[in-house]
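Biologist: Hi! Could you walk me through this one while I have it open on my screen?
Modeller: Happy to, just ask away.

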Amino acid sequence: MSIVGNVFWIILGGLLGALLWAIAGIICCITIVGIPFGMQCFKIASLTLAPFGRSIQVGYFGAGGLIGNILWILFLGWELCLAHLSLALICAVTVVGIPFAVQHLKLAQLSLIPFGARIS
């Protein structure tokens with residue numbers, strides 16, 4: 001199921017989403033201060049490319065991760081979370097789109113707290 005889901009995901013916008021996350025990562029990495037944020041964007045881009053069959057565990061961060069997550073939410077995270085929540089709502093309208101809505105909810109959670117998140 002995960003291979004079929006990922007193929008449909010890529011065709012229906014996953015490739016574009018991963019490309020946008022990668023561009024955001026490149027923009028963040030232009031400055032030295034933004035490199036940690038850019039690395040998180042690249043991590044999320046890889047998940048956005050193939051989210052089916054992968055899981056996210058959040059909450060494994062220390063004081064540095066807490067500060068990074070607060071800065072992330074203030075500058076990048078809340079917009080990305082709203083975008084994924086909106087896409088999840090649109091996908092959940094149809095029965096066929098419910099698995100895609102679940103993946104957008106997973107990405108919305110990750111877009112709020114990327115520092116300290118483990119993707120497996």
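Biologist: How far apart are the end C-alpha atoms of helix H1?
Modeller: This is a predicted model, and in it the end C-alpha atoms of H1 (residues 2–29) are only 31 Å apart.

Biologist: Where does H1 bend, then?
Modeller: At Ile10, by about 70 degrees.

Biologist: And H2, what span should its 15 residues have?
Modeller: They should span 21 Å at 1.5 Å a residue, and the end C-alpha atoms of H2 are 21 Å apart, which agrees.

Biologist: Back to H1. Which of its residues are buried?
Modeller: Gly5, Asn6, Trp9, Gly14, Gly17, Ala18, Trp21, Gly25 and Cys28.

Biologist: What do those buried residues of H1 pack against?
Modeller: Three helices: H2 (35–49), H3 (63–91) and H4 (98–112).

Biologist: Which residues of H2 are buried?
Modeller: Phe37, Gly38, Gln40, Cys41, Ile44, Ala45, Leu47 and Thr48. The buried residues of H2 pack against H1, H3 and H4, and also against strand S1 (56–57) and strand S2 (118–119).

Biologist: Let's talk core. Which residues have the most contacts inside the largest nonpolar one?
Modeller: Trp21, Ile44, Trp72 and Leu110, in a core of 16 residues. H1, H2 and H4 each supply at least two residues of this core, and the largest share, five residues, comes from H2.

Biologist: What does Ile44 touch?
Modeller: Leaving out residues up to four places away in sequence, Ile44 touches Trp21, Trp72, Leu107, Leu110 and Pro114.

Biologist: New topic: how much space lies in the largest pocket?
Modeller: About 510 Å³. The pocket is lined by 23 residues, and Gly13, Gly17, His84, Leu87 and His104 lie nearest its centre.

Biologist: Which helix gives the most to that lining?
Modeller: H1, with nine residues. H1, H2, H3 and H4 each supply at least two residues of the lining.

Biologist: Last one, Gly64: buried or exposed?
Modeller: Exposed, because its relative accessible area is 57% and the cut-off for exposed is over 50%. Gly64 lies in helix H3.

Biologist: How far is Gly64 from Gly116 in space?
Modeller: The two are 9.6 Å apart, C-alpha to C-alpha, and 52 residues apart in sequence.

Biologist: Great, thanks!

Notes:
Residues are numbered from 1 along each chain as its sequence is written. This is a predicted model: local features need pLDDT of at least 70, side-chain atom pairs count only at pLDDT 80 or more; totals for chains, interfaces and linings use all residues. Side-chain values use heavy atoms; hydrogens and water are left out. Helices (H or I, at least four residues) and strands (E, at least two) are DSSP runs, numbered from the N terminus. The expected span of a helix is 1.5 Å times one less than its number of residues. The bend at a residue is the angle between axes fitted to the seven residues ending there and the seven starting there. Buried means under 20% relative accessible area, exposed over 50%, partly exposed in between (1.4 Å probe, protein chains only). Contact means heavy atoms within 4.5 Å. A nonpolar core is a set of buried Ala, Val, Leu, Ile, Met, Phe, Trp, Tyr and Cys residues joined through side-chain atoms within 4.5 Å. On a 1 Å grid over the protein atoms alone, a cavity is a set of points where a 1.4 Å probe fits but cannot get out, and a pocket is an open set with protein on both sides within 12 Å along at least five of seven lines; lining residues have an atom within 4 Å of a point. Grid points are joined across faces, edges and corners, and a volume is the space filled by probe spheres set on the points.
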